[in-house]
Amino acid sequence: MDLLLLDELGELPSGRIAVLDDAHGALAAALADRTSSSVVAHSDSLVNERRLTHLGVEIAADLTSALVGAQLVVLRLPKSLDALDEMARTAAQIGANDVRLVAGGRTKHMTPSMNAVLATSFEEVRASLGRQKSRVLHAAGPKAVKQPWPQQRHHDDLGLTVHAHGAVFAGTRLDAGTALLISQLHHLTDTEGTVVDLGCGTGILAALLARRFANVTAVDVSAAAVASARLTTSGSVDVRRADGLSEFADASIAAVVSNPPFHVGTTKDSTPTLKMIKDAGRVLISGGELLMVFNAHLPYLPRLKALGRTNILVRDNHYVVTRTIRD
């Protein structure tokens with residue numbers, strides 16, 4: 001995939017090159033070696049961002065600072081069409097007048113809708129020939145487009161306006177798993193200690209928790225999620241970009257509430273959540289609580305029971321909500 005992208009770049013510009021969501025740094029490193037132009041990299045994931053720090057390229061904290069003035073934007077196609085739309089619109093709005101975008105993906109994950117999304121922001125969109133089960137989309141000729149991101153939606157049933165950037169799971173919607181978890185928040189014990197919304201996404205859970213608890217912290221690995229949650233919670237919550245619970249001290253948290261992801265990009269992966277459950281055992285105080293929702297088929301119950309006394313609070317056709325009391 002990376003080699004195909006590099007082969008499709010054509011003549012490199014003399015100006016700024018932005019590399020987006022480069023998981024391991026191979027693209028940014030190769031471009032830094034090939035040109036004396038300014039190469040700036042941005043990854044939504046903090047985990048991926050940390051892999052870029054040794055490359056000697058500029059690291060942008062957000063999408064806007066990465067794309068401003070860019071003549072060339074290079075990226076792996078995201079799973080979310082909304083994420084692609086925000087990237088394309090931002091590039092068309094604040095990139096150079098001649099900015100072009102080159103995006104690669106596995107053919108099996110690509111759809112005609114991706115071409116349509118790019119065509120909203122660029123006059124010319126074309127696809128490369130496929131190679132090794134991958135393909136590249138080229139977009140050039142930026143249009144004068146509006147910027148609807150971040151979007152917002154008011155939920156009357158929650159009394160809450162939800163804000164969302166394109167890369168955040170579920171956007172401004174209330175997904176079914178989170179809705180089921182909300183219905184069980186009353187099981188949490190009253191506490192003056194810290195309550196953490198782990199994998200906060202748009203910050204819906206954190207905003208609701210802040211109505212009851214004085215010390216709420218929202219954590220997510222995604223820059224887009226953190227920016228969204230800060231808007232949704234309107235300053236009522238400490239929102240942090242962090243890799244899980246790694247920044248919290250031992251026995252420092254009274255409760256953790258989480259609707260964890262089970263995908264990394266387009267791949268199903270339970271590893272981050274299994275790690276989170278293990279780490280919850282480190283950061284929770286004795287008697288602390290872990291309230292979690294997850295798809296019923298996922299292998300979390302044995303790990304939760306190893307952490308402490310675990311009860312299933314509710315289940316439906318898809319999801320289970322559990323409450324675990326730390327031993």
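## Ground rules

Since the model is predicted, local features need pLDDT of at least 70 and side-chain atom pairs count only at pLDDT 80 or more, while totals for chains, interfaces and linings use all residues. Residues are numbered from 1 along each chain as its sequence is written, and side-chain values use heavy atoms, with hydrogens and water left out.

Helices (H or I, at least four residues) and strands (E, at least two) are DSSP runs, numbered from the N terminus.

## Two helices side by side

Two packed helices are described by the angle between their axes and the distance between the axes. Here, helix α5 (residues 81-94) and helix α6 (residues 112-121) have axes that come within 8 Å and cross at roughly 25°. Each axis is a line fitted to C-alpha atoms over the stretch in contact, and angles run from 0 to 180 degrees between N-to-C directions. The pair α5 and α6 is therefore roughly parallel (angles under 35 degrees count as such).

On the α5 side, the contact (heavy atoms within 4.5 Å) is made by L81, L84, D85, A88, R89 and A92. From α6 come S113, M114, V117, L118, T120 and S121. By class, that contact has seven nonpolar, three polar and two charged residues. For this count, Ala, Val, Leu, Ile, Met, Phe, Trp, Tyr, Cys and Pro are nonpolar, Asp, Glu, Lys and Arg are charged, and the others, Gly among them, are polar.

Strand β4 (residues 72-76) is mostly covered, with four of its five residues buried (under 20% relative accessible area; exposed is over 50%, partly exposed in between, with a 1.4 Å probe and protein chains only). Strands pair if DSSP finds at least two bridges between them.

β4 pairs in the parallel sense with strand β1 (residues 17-20) over four bridges, and V74 in β4 is the bridge partner of V19. β4 also pairs in the parallel sense with strand β5 (residues 100-106), over five bridges; there, L72 stands opposite R100 of β5.

## Backbone details worth a look

Most residues other than glycine have a negative phi, and most peptide bonds are trans. W149 and P150, however, are joined by a cis peptide bond with omega about 0°. P150 sits in the loop between β7 (134-142) and β8 (151-155).

S234 is not a glycine, yet has a positive phi of about 50°. S234 lies in the loop between α9 (223-233) and β12 (238-241) and counts as exposed at 63% relative accessibility. A251, also other than glycine, has a positive phi near 50°. A251 belongs to the loop between β12 and β13 (253-258) and is partly exposed, with a relative accessible area of 47%.

Technical notes:
Parallel < 35°, antiparallel > 145°, perpendicular 65-115°, else oblique.
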